[in-house]
Amino acid sequence: MARPLKITLERIMKKIIIAVLLIAVMACSVFAFAGCTSADYTVGIVQHIQHVALNKSNEGFQDRLTQLFEEDGKTVKFLYRNASGETTNNTTAAQTLITQRVDLIFAIATPSAQAVAAETNTLPIVFSAVTSAKDASLTADNIAGTTDLNDVKKQVDLMVELVPNAKKIAVLYSTDEPNSTIQRDMVRDYAESKKLGFAERGISTIDDVANALNAFKRDGVDCVYIPTDNKLAAAADSVHAFNKDGANLPIVCGENEMNNKCGIATYGVDYYAIGARAAEMAYDILTGKKTPKEIGYEDPQNFELSINQTVAREIGFTIPQSVLDKVAK
């Protein structure tokens, strides 16, 4: 009779152990559902496409926001989504992050910011790497951010200094990027005010670049400006390959990282810095110090001159001493 009793006790003990484990699992689930996670804040990030400039903005944002919360003894978790240059992916990413109930969304580049703004007018949005917040309709009460608007006049003046006898300058841009077409118009207007000839070529795919550059060469263009253009920045190596194998035109790019690959000189935007500044805005919003409406948006304040002797040599161009002297200072 002892054996059945032993079996019964073993079964009871197994049931007790299983019950304890189930209770533990349920308790963990309840804590997780209640928001007892490892982070005090959750921030969603939507990035239109990966290239060095936008990656720098993302890096600056995450580094600075993490630092600010660490100083408060708080933590922040980032949920990152990359749209791979596709508009529909931006929208899907925005919808997903909103469903996940993030506390704020950081949107990198104009298409991402517009997609997020179209999905919510209540969740705080902070953007970076947007050329014109006004033209992109990113001025709602729940939106703040930092632009990457270039000092286009400074860039045109640099082009003239690089090619002192320049008679005509040109802009190479993507037809589907408003940030790029805005800068094209700014260059055209300033060039006309300086009595410079002006040409433009819009591309829809990177394969169009070679034809555009060769057309500039035939048209007597002396120097080419490429705006802060996401498509062209992502393919900067290809732009340089096309140029040095054909047109060999001096190119000034809108930002440093792109210029490092295909340009000869630029007064570039510091994308890490504007990302870090966007983080300071996000911090003020998340901690209730300011609203997005009170913050608004800011343009870059500082533009550092950099030159690229490697690209210059590869296209057979000599950078004037007057420009070299400015960098030395």
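Q: Two strands pair if DSSP finds at least two bridges between them, so where do strand 3 and strand 4 stand on that?

A: Strands here are DSSP runs of E with at least two residues, while helices are runs of H or I with at least four, and both are numbered from the N terminus. Strand 3 (residues 104-108) and strand 4 (residues 125-130) run parallel and are joined by four bridges. Look at F106, whose bridge partner in strand 4 is V126.

Q: Before we go on, what kind of model is this?

A: It's a predicted model, so local features need pLDDT of at least 70 and side-chain atom pairs count only at pLDDT 80 or more, whereas totals for chains, interfaces and linings use all residues. Residues are numbered from 1 along each chain as its sequence is written, and side-chain values use heavy atoms, with hydrogens and water left out.

Q: How do I read a strand order, and which strands stand at the edges?

A: Strands of a sheet pair through backbone hydrogen bonds, in either a parallel or an antiparallel way. In this model, six strands form an open sheet in the order 2-1-3-4-5-11, with parallel pairing. Strand 2 (76-82) and strand 11 are the edges: each has a single partner strand, so one side of each lacks a neighbour in the sheet.

Q: What about strand 6 and strand 7: how many bridges join them?

A: Seven bridges join strand 6 (residues 168-174) to strand 7 (residues 197-203), and the two run parallel. For a landmark, I169 has F198 as its bridge partner in strand 7.

Q: Which helix makes a β-α-β unit with strand 6 and strand 7?

A: That's helix 6 (residues 178-193), and the unit is right-handed. To check the hand, point the strands away from you: the path from the first strand over the helix to the second runs clockwise in a right-handed crossover.

Q: How many salt bridges does a search of the whole structure find?

A: Side chains of opposite charge can pair when their charged atoms come close. With the cut-off used here (a Lys or Arg side-chain nitrogen within 4 Å of an Asp or Glu carboxyl oxygen), the search finds ten. One of them links D185 to R188, with the closest N and O atoms 3.2 Å apart. Those two residues are three apart in helix 6, so about one helical turn separates them. R188 also meets D189 in a salt bridge, at 3.6 Å from N to O. Step back and you'll see a network of salt bridges that links R184, D185, R188, D189 and E200.

Q: Are D185, R188 and D189 buried, partly exposed or exposed?

A: Buried means under 20% relative accessible area, exposed means over 50%, and partly exposed is in between (1.4 Å probe, protein chains only). D185 comes out at 24%, R188 at 25% and D189 at 43%, so each counts as partly exposed.

Q: Which parts does the pair of E298 and R277 tie together?

A: E298 and R277 form a salt bridge at 2.8 Å, N to O. E298 sits in strand 11 (residues 297-298) and R277 in helix 11 (residues 271-286), so the pair ties together parts 21 residues apart in sequence. E298 is partly exposed at 30% relative accessibility, and R277 is partly exposed too, at 28%.

Q: What does the disulfide count come to?

A: A disulfide is a covalent bond between the sulfur atoms of two cysteines. Using the rule that the sulfur atoms must be within 2.5 Å, the count is zero. The sulfur of C223 has its closest cysteine sulfur in C253, 9.9 Å away, which is too far for a bond. C253 is in no disulfide either; its nearest cysteine sulfur, in C262, lies at 3.6 Å. Both C223 and C253 are buried, at 0% relative accessibility.

Q: Last one: which element gives the largest share of the lining of the largest pocket?

A: Helix 11, with five residues. On a 1 Å grid over the protein atoms alone, a pocket is an open set of points with protein on both sides within 12 Å along at least five of seven lines, a cavity is a set where a 1.4 Å probe fits but cannot get out, and lining residues have an atom within 4 Å of a point. Points are joined across faces, edges and corners, and a volume is the space filled by probe spheres set on them. The largest pocket holds about 350 Å³. It has 20 lining residues, with V269, D270, A273, I274 and N302 nearest its centre.

Notes:
Two strands pair if DSSP finds at least two bridges between them.
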